[in-house]
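Please look through the sequence and the model below before reading on.

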Amino acid sequence: MTIAVLALQGAFIEHEQMLQRLGVDCFEVRTLADWGRHKDGLIIPGGESTTQLKLLADLRLLEPVREYISAGGAVFGTCAGLILLAKKVEGDDITRISTMDIDVCRNAYGRQLGSFHTEAEMKGVGMVPMTFIRAPYINSVGAGVEVLAEVGGHIVAARQGRQLVTAFHPELCVADTAVHEYFINDVVGHKA
């Protein structure tokens with residue numbers, strides 16, 4: 001199994017390290033040529049969604065990534081990745097990858113000083129440590145989207161087919177690989 005990690009900006013190295021701990025091959029996507037390699041899934045890391053979107057467009061990766069996901073390719077978006085995958089972002093009508101039927105509130109937990117860490121139950125995974133950094137949350141989900149976790153009454157993890165999103169950063173909790181294992185075993189391993 002081989003996972004592509006979008007490596008334009010953000011916490012991509014931490015995702016790569018998590019995959020390596022699980023014995024899963026991975027490679028970085030920085031160019032259209034990188035994108036052409038065989039992959040069983042894609043991770044879109046946290047970071048700055050606006051910067052990542054601009055780079056995806058400038059590097060002509062936006063449409064190929066959207067087509068891959070729309071055709072049933074497995075994807076895991078954390079924080080900014082969640083925003084990029086959302087069909088709707090509150091107060092914003094920019095077109096992103098926009099493949100997941102969720103409505104998102106970006107920077108929902110405020111500024112950097114509003115960052116926090118907690119533990120909560122994630123359906124199909126169990127109790128997981130959750131680190132939120134200027135994180136979004138999901139306001140609502142459409143038909144076919146399964147809510148996997150909530151914190152403080154807000155949706156912070158969801159799945160639609162082979163798309164998984166978390167508002168938190170599981171890649172930063174180095175002692176706990178459970179969310180990445182769920183992505184590899186249940187999302188990538190699931191054929192639509």
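What follows goes from a central strand to the core, then to ring pairs, cysteines and a few loop residues.

The model is a predicted one, in which local features need pLDDT of at least 70 and side-chain atom pairs count only at pLDDT 80 or more, while totals for chains, interfaces and linings use all residues. Residues are numbered from 1 along each chain as its sequence is written, and side-chain values use heavy atoms, with hydrogens and water left out.

Strand β3 (residues 41-44) pairs with β4 in the parallel sense over 3 bridges, and two strands are said to pair if DSSP finds at least two bridges between them. Within β4, G77 is the residue that stands opposite I44. Strand β12 (residues 163-166) also pairs with β4 in the parallel sense, over 4 bridges, and L164 in β12 is the bridge partner of F76.

In soluble globular proteins, nonpolar side chains tend to be buried together. A nonpolar core is defined as a set of buried Ala, Val, Leu, Ile, Met, Phe, Trp, Tyr and Cys residues joined through side-chain atoms within 4.5 Å. The largest such core has 61 residues, of which M122 and F183 touch the most other members, and the largest share of this core, 6 residues, comes from α6. Leaving aside its neighbours within four places in sequence, F183 is in contact (heavy atoms within 4.5 Å) with I3, L42, I43, A74, V75, F76, L164 and V188.

Rings of Phe, Tyr and Trp (its six-membered ring) pair if their centres lie within 6.5 Å, and planes under 30 degrees apart count as stacked, over 60 as edge-to-face and the rest as tilted. The structure holds 3 aromatic pairs. One of them joins W35 and Y68 edge-to-face, at 5.4 Å centre to centre and with 90 degrees between the planes. This pair links distant parts of the chain, with W35 in helix α2 (residues 32-35) and Y68 in helix α4 (residues 62-70), 33 residues apart. Both W35 and Y68 are buried. F76 and F183 form a tilted pair, at 5.4 Å centre to centre and with 35 degrees between the planes. F76 counts as buried because its relative accessibility is 0%, and F183 counts as buried because its relative accessibility is 0%.

Charged side chains also meet rings. K39 lies over the face of W35, at 4.0 Å from the ring centre, and R37 lies over the face of F27, at 4.1 Å from the ring centre. A charge sits over a ring if NZ of Lys or CZ of Arg is within 6 Å of the ring centre and within 35 degrees of the ring normal.

How many disulfides does a search of the whole structure find? It finds 0 disulfides, a disulfide being a pair of cysteine sulfur atoms within 2.5 Å. C26 is in no disulfide, and the nearest cysteine sulfur, that of C173, is 19 Å away. The sulfur of C79 is 12 Å from the closest cysteine sulfur, in C105, which is too far for a bond.

Finally, some loop residues deserve a look. K123 lies in the loop between β7 (116-122) and β8 (126-132), and K123 is partly exposed because its relative accessible area is 49%. Most residues other than glycine have a negative phi. R60, in the loop between α3 (49-58) and α4, has a positive phi of about 60 degrees although it is not a glycine. R134, in the loop between β8 and β9 (137-141), has a positive phi of about 45 degrees although it is not a glycine.

Key
Helix = DSSP H or I, 4+ residues; strand = E, 2+ residues; numbered from the N terminus. Buried < 20%, exposed > 50% of the residue type's maximum accessible area, 1.4 Å probe, protein only.
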